[in-house]
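Hi,

Here is the structure I promised to pass on. Please open it first, then read my notes below.

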Amino acid sequence: VLRDRRPRNCPPGPVEIPFFGRLPFFDEKIGENLRKKYGDIVSHRTGPLRSVYLFDYSTAKEAMARLEFADRPDTFSAFNVDDQKIGGVLGSNGAHWQHDRRFVLRNLRNLGMGKSYLEEAINIEAKALVEDLKKYGGEAINYPDSFRTVALNIIWQMVASTRYDLRCKDVECIYRLTNEFREKFTVLSLLPSFIPALGLLPKSLRHFLFGDDVIDRFAEEMINVVNEAVDKHLEDYDPDKPRDLIDEYIKDMKESEGDDNSLFRRGALNQIINELFFAGSDTVHSMMKWVAYLLARYPEYATRMQQQIDAVVPRDRMVSLDDKPNLPLIEAFTVEALRYSSMLVFNIQRSATRNTNINGYFIPKGTIVSVANYSIHHDPRYWDDPHKFYPERFLDDSATKYTAPKQGFFAFGSGRRQCVGELLARMELFLFTAAIIQHFDVRPPHGVDISQDEFVTLAGSHLPSDKKLIYRSRISTSD
Ligand code: HEM
């Protein structure tokens, strides 16, 4: 019991229950309550693991830039499909992380991230999305699967040269798995990773008590998808014509054959693909739900954005990235959607690589450090009227120019592990949002009031609750 006591000068936090501590939390409301009670840095223990939550932007920004907070916690290996559990970008550390992050960033850029030639591929998806929504003929529908498939198609074409038809059955299994994961994954599922002694329980009892089988099932199904993609690439690989990120990796792997120090390995490739598949599609998919919800909730913004589009984009062409300077409200709307939604309630966790301190508080080695993105995005020290959806906060005084947030914004994280797909995500959000606005009025069904916020937080993601909306066509399909 004595050993379980909070170390001296650790940040304040709730009373810790000996041995167990407290369950980690994913919910923005619990986070906000703790901040109100204990301040901007809160300490919290689960089993043998200590977590520190950062609620203030400046503190978080400064900490995330420090080398000693560049690692992810060891518990991330539970999600790793690499046979050695050390490769990949999102959950790996040290030399493996540096190597794989550099490879991914270089190749995403070479494959068009942030460049106009990727725009064509995004607009093909945007057109397909418009056609898919038209097929519903104005019927009230829940957020459609095509929101996810268009996002998946972009990253999956860059990674594996594969594109799915928006109503294709092949991806349904993966969607079912992700939904199941979201619904069944709770803080309890993580407990066996936080308290290793629980791993000694019989598997069936552990699964029954904690529901952590959802993690294993997910990894098992994903490894099949990943193996199929890599095996197929190896079969028809041509070193002179690399088609995508998988071919580029195979090329580097083959060139470094015989080099015992090489970090190019099949296992690491598997994990990179696994991460890009989800980080690249699930995030944008969730944001598209927010965009649809906010368009229906605030039709006055939709109308103003339609007026901007109609003034500069002929009806027979899709909005392009070159139109961005003329459509400042669309960019402001998507960035406000990222802030307001705080879709990732907490930044992806980091871990302290040595005993250190934050703002004078002692942070022991191995402490898990979580930045409270939702709280930062709703902090009145950084945002006026933070709970109001107000895209104008990102426009200049004349409302003719988008102005990027200078502080208080953490949607893509910060520092050495800042999101590698940010540029891609911003391109997709702008073009997909513009396509929906240009072609549809998004409204709730007649008589349905959506003015009261209804959100859910599932596995750390903050999402609008399921909602039937009507996508009423504005212009004919002749384009
Ligand atoms: C709206 C969409 C997205 C949001 C809100 C988002 C958010 C984030 C956040 C908060 C982090 C953690 C950063 C940190 O630790 O400081 C992250 C990391 C990451 N994201 Fe994204 N992301 C999005 C889209 C994407 C896309 C499209 C890709 C794929 C290309 C991607 C790939 C990754 C990867 C691989 C990492 C791990 C980086 C590392 O650990 O070094 N994300 N993202």
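Keep in mind that this is a predicted model.

Four strands form an open sheet with mixed pairing, in the order β1-β2-β7-β4. The edges are β1 (41-46) and β4 (350-351). Each has a single partner strand, so one side of each is left without a neighbour in the sheet.

Start with β1 and β2. They pair in the antiparallel sense, over six bridges. Ser-43 has Val-52 in β2 as its bridge partner. The hairpin of β1 and β2 has two residues between the strands, and Gly-47 there takes a positive phi near 55°.

Next, β2 against β7. These two run parallel and are joined by four bridges. Look for Leu-54, whose bridge partner in β7 is Val-371.

Last, β7 (residues 368-371) against β4. This pair is antiparallel, with two bridges. Ser-351 stands opposite Ile-368 in β7.

Is β2 buried or exposed? Strand β2 (residues 49-54) is mostly covered, with six of its six residues buried. In a regular strand, side chains alternate between the two faces of the sheet. In β2, Leu-49, Ser-51 and Tyr-53 point one way. Arg-50, Val-52 and Leu-54 point the other way. Both sets are buried, Arg-50 included.

**The ligand shell**

The ligand is surrounded by 29 residues. The closest are Ala-279, Gly-280, Gly-413, Cys-419 and Gly-421. Which gives the most? That is α11, with seven residues. By class, the shell holds 18 nonpolar, eight polar and three charged residues.

**The α11 contact with α13**

Helix α11 also meets helix α13 (residues 328-341). Two packed helices are described by the angle between their axes and the distance between the axes. Here the axes come within 10 Å and cross at roughly 105°. That angle makes α11 roughly perpendicular to α13.

From α11, the contact uses Met-287, Trp-290, Val-291 and Leu-294. They meet Thr-334, Ala-337, Leu-338 and Ser-341 in α13. Six of the contact residues are nonpolar, two are polar and none is charged.

Best wishes

Conventions: Residues numbered from 1 in each chain as written. Predicted model: local features only at pLDDT ≥ 70, side-chain atom pairs only at ≥ 80, totals over all residues. Pairing = 2+ DSSP bridges. Near = placed C-beta within 6 Å. Nonpolar A, V, L, I, M, F, W, Y, C, P; charged D, E, K, R; others polar. Axes fitted to C-alpha atoms, helices over the stretch in contact; angles between N-to-C directions. Parallel < 35°, antiparallel > 145°, perpendicular 65-115°, else oblique. Contact = placed C-beta atoms within 7 Å. Buried ≥ 20, exposed ≤ 12 C-beta atoms within 10 Å, placed from the backbone.
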